[in-house]
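Q: I would like to learn how to read side-chain features from a coordinate file. Please take them one at a time.

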Amino acid sequence: MKDFDGLPDGDGLVRIADGEASVVLAPRIGGAIAAYRWETSGGTLDWLRPAAVDAIRRADAGSMSCFPLVPYSNRIRNGKFRFRGEDVRLPVSPSEDPHFEHGHGWRKPWEVLEVGPDKAVMRYVHEADEWPWRYEAVQQVSLIAGALVLDLSIRNRSERFMPAGLGIHPYFPVTPKARVEARVARMWETDSEVLPTRLVRPRAGADPNTGIEISALDIDNVFTGWTGNARIIWPEKGASLALNAEGRLHFLVLYAQRSEADFCVEPVSNATDAFNLGDADESDVGVTALAPGDCLTARIELCPEIGTPG
């Protein structure tokens with residue numbers, strides 16, 4: 001598999017393949033995916049934004065193709081919350097990371113447990129610190145008939161209940177006519193710091209139920225009541241991708257900026273700042289309280305198709 005020319009031998013990357021499909025993993029860079037592509041008769045098709053060689057050298061997880069979200073998705077206001085009578089204060093950076101975005105998984109190296117021709121398994125173990133619970137996250141990345149399948153779990157290894165969430169943060173390439181379709185119920189409006197303020201119906205032009213033209217808007221919102229299925233369509237390429245989720249992934253984050261060359265469609269198990277939204281209904285928040293030894297699991301499938309998208 002030819003990729004990332006210019007990196008030295010022993011670059012820490014893991015490669016798996018299944019026929020025309022291949023994936024490059026970067027376990028040391030937050031358990032991230034660095035590329036997911038097909039080699040076709042018409043050339044290389046990158047289904048996710050490929051990481052740049054320089055980003056790999058910098059170990060910049062935010063510039064990879066996709067990274068795991070554990071032990072929660074998105075932001076926690078000021079890195080503070082209270083859970084079952086315990087105050088938690090996460091190590092925020094006021095200027096760069098004021099809300100300790102996306103938790104720990106993408107910030108830390110993952111251990112490679114297993115590698116096969118078309119499958120790899122990685123693990124991250126978090127010891128209690130400012131996050132006062134020990135937990136273990138496991139991510140299995142597989143290629144099945146060209147589709148990318150991610151099995152993600154988080155297990156509470158502490159001796160008391162732990163709040164938990166998980167998901168993935170994939171980046172997809174923008175084209176002028178790219179669009180996203182998904183069935184959702186409501187959307188969390190946000191303030192200037194992209195933190196939720198109130199639940200509303202999806203606004204006109206930004207409603208995945210009727211389809212969103214990605215290049216036409218700026219959006220960074222979490223949608224509730226997601227059915228677990230979404231479709232990304234690139235008409236210019238004659239290509240589409242079905243994103244299917246199983247488990248408690250009832251929330252969908254959509255991120256797109258007209259000035260950027262990629263966008264995000266993130267299946268997640270909790271709303272942004274869920275740990276501080278105690279008055280909201282569970283279906284609109286998504287916090288899971290894991291008992292000692294219990295595990296939260298999810299499966300996400302990215303199933304591409306080449307042909308005339310509908």
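Q: Which residues form one aromatic cluster?
A: The general idea first: a pair of aromatic rings is described by the distance of the centres and the angle of the planes. Rings of Phe, Tyr and Trp (its six-membered ring) pair if their centres lie within 6.5 Å; planes under 30 degrees apart count as stacked, over 60 as edge-to-face and the rest as tilted. Here, one cluster is made of Tyr 72, Phe 81, Phe 83, Trp 131, Trp 133 and Phe 275.
A: On the source: this is a predicted model, in which local features need pLDDT of at least 70 and side-chain atom pairs count only at pLDDT 80 or more, while totals for chains, interfaces and linings use all residues. Residues are numbered from 1 along each chain as its sequence is written, and side-chain values use heavy atoms, with hydrogens and water left out.

Q: How many aromatic pairs does the rule give?
A: The count is 16 aromatic pairs. One of them is Phe 81 with Trp 133, a stacked pair with 6.5 Å centre to centre and 15 degrees between the planes. This pair links distant parts of the chain, 52 residues apart: Phe 81 is in strand β6 (residues 80-83), and Trp 133 is in the loop between β9 (119-126) and β10 (135-144). Strands (E, at least two residues) are DSSP runs, numbered from the N terminus. Trp 133 also pairs with Trp 131, edge-to-face, at 5.0 Å centre to centre and 65 degrees between the planes.

Q: Why does Phe 81 count as buried?
A: Buried means under 20% relative accessible area, exposed over 50%, partly exposed in between (1.4 Å probe, protein chains only). Phe 81 counts as buried because its relative accessibility is 4%. For Trp 133 the value is 0%, so Trp 133 is buried. Trp 131 is buried too.

Q: Where does the charged end of Arg 107 sit?
A: A charge sits over a ring if NZ of Lys or CZ of Arg is within 6 Å of the ring centre and within 35 degrees of the ring normal. The charged end of Arg 107 is over the ring of Phe 100, 3.9 Å from its centre. Arg 84 lies over the face of Phe 161, at 4.1 Å from the ring centre.

Q: How many salt bridges are there by the rule?
A: A salt bridge is a side-chain nitrogen of Lys or Arg within 4 Å of a carboxyl oxygen of Asp or Glu. The count is 21 salt bridges. Among them, Asp 87 meets Arg 82 at 2.9 Å, N to O, and Asp 87 counts as exposed because its relative accessibility is 53%. Arg 179 forms another with Glu 181, the closest N and O atoms being 3.2 Å apart. Arg 179 is buried at 18%, whereas Glu 181 is partly exposed at 27%. Shared partners also join Glu 111, Arg 123, Glu 136 and Arg 157 into one network of salt bridges.

Q: Which side chain makes a polar contact with the side chain of Glu 266?
A: A polar contact is a pair of N or O atoms within 3.5 Å; within protein, one must be able to donate a hydrogen and the other to accept it, and residues adjacent in sequence count only if both atoms are side-chain atoms. The partner of Glu 266 is His 169, at 3.3 Å. Glu 266 lies in strand β22 (residues 262-268). A polar contact of 2.9 Å likewise joins the side chains of His 99 and Glu 193, and His 99 is buried, with a relative accessible area of 4%.

Terms used:
Helices (H or I, at least four residues) and strands (E, at least two) are DSSP runs, numbered from the N terminus.
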